[in-house]
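Q: Please take a close look at one part of this structure, its pockets and cavities. I would like one connected account.

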Amino acid sequence: MRIIQASEITKTIRRLCIDANCHLPADMKDRITCARANEKWPVAQEILDRIIENYTIADTNNVPICQDTGLACVFVEIGQDVHVEGDLTEAINEGVRQGYTDGYLRKSAVRDPIDRVNTKDNTPAMIYFDIVPGDKLKLTVAPKGAGSENMSRLAMLKPSDGIEGVKDFIVKAVEEAGPNPCPPIIVGVGVGGTFDKAAFMAKKALVRKTDERNADPFWAGVEAELLERINALGIGPQGFGGATTALAVNIEKCATHIACLPVAVNINCHVTRHESEVL
């Protein structure tokens, strides 16, 4: 049994909140640079240039890439041989509290969806726990802005809708989102499970590297086809037209009930931020 102090978790989460908001992952930068090189529409070229300029300034000055520093979504993979000394949930929330305060990040969390009173420290975090083998603890902070989150969609399709129904639903979700999620986007998809499991998989798909395809060749092919179909929509960077509406489609799938075909789509903007550390 390995013991990890709650204070160490707090310190790590604090740093991850700041780093994730200020530094775009290398694979995202590569995708945007590649999109710029292949973009023919002058307006789209200009927008992609400004996006590159923006994340370069954020890198250099250690300032947020976007003014919407999001809700702190925290994925926790905790080894079954790990014991946390202290309250794990409170340790994470304290890390978010410190990170968003010390990093001068915008606090966007409200205590109740109706009374809308700001909690003033961006807590509580949205925490997702996963028990895994081993004695490690992996923490991933993925700040999620509202512009893209509001474009999320979920459908309980009929099994008879099949793969074509799944693909059509995903493309329609992106088409209806239009410019709202600040394209070019990453499209996270969850297929299977239950109502809530599909949504979780779609959210988790967004922290997978954009150059990493689904391990199943069938689903990797679906990802490639959907990326082509979505970019053919012509929405383009920031919705002004062009060949780059999406940078990647990441699909996660799992088993489901014989009478179910759940499909969830969780879109992220061109600022698809996430940072991880293994303790």
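A: Helices (H or I, at least four residues) and strands (E, at least two) are DSSP runs, numbered from the N terminus. The model is predicted, so local features need pLDDT of at least 70 and side-chain atom pairs pLDDT 80 or more, while totals for chains, interfaces and linings use all residues. Residues are numbered from 1 along each chain as its sequence is written, and side-chain values use heavy atoms, without hydrogens and water.

The domain assignment, automatic or from a database, gives domain 1 (2-20 + 65-144) and domain 2 (147-274). Their centres, taken over C-alpha atoms, are 25 Å apart. Lys204 forms a salt bridge with Asp130, with 3.7 Å between the closest N and O atoms.

On a 1 Å grid over the protein atoms alone, a pocket is an open set of points with protein on both sides within 12 Å along at least five of seven lines, a cavity is a set where a 1.4 Å probe fits but cannot get out, and lining residues have an atom within 4 Å of a point.

The second largest pocket has a volume of about 300 Å³, and 14 residues line it. Lys138, Thr140, Val207, His274 and Ser276 lie nearest its centre. S2, S5 and strand S10 (275-278) each supply at least two lining residues; the largest share, three, comes from S5. Both domains contribute to the lining of the second largest pocket, so it lies between them.

The largest pocket has about 440 Å³. Of its 20 lining residues, Leu71, Ser108, Ala109, Val110 and Ala146 lie nearest the centre. S2, strand S4 (126-132) and helix H5 (146-149) are the elements giving two or more residues to this lining. The largest pocket also lies between the domains, because both give residues to its lining.

One cavity of 30 Å³ or more is found in the whole structure. The largest cavity holds about 60 Å³, and its lining includes Phe75, Pro143, Lys203, Val207 and His274. Strand S2 (71-79) and strand S5 (137-144) each supply at least two of the lining residues, and S5 has the largest share, three. Here too both domains give residues to the lining, so the largest cavity lies between them.

Notes: Grid points are joined across faces, edges and corners, and a volume is the space filled by probe spheres set on the points. A salt bridge is a side-chain nitrogen of Lys or Arg within 4 Å of a carboxyl oxygen of Asp or Glu.
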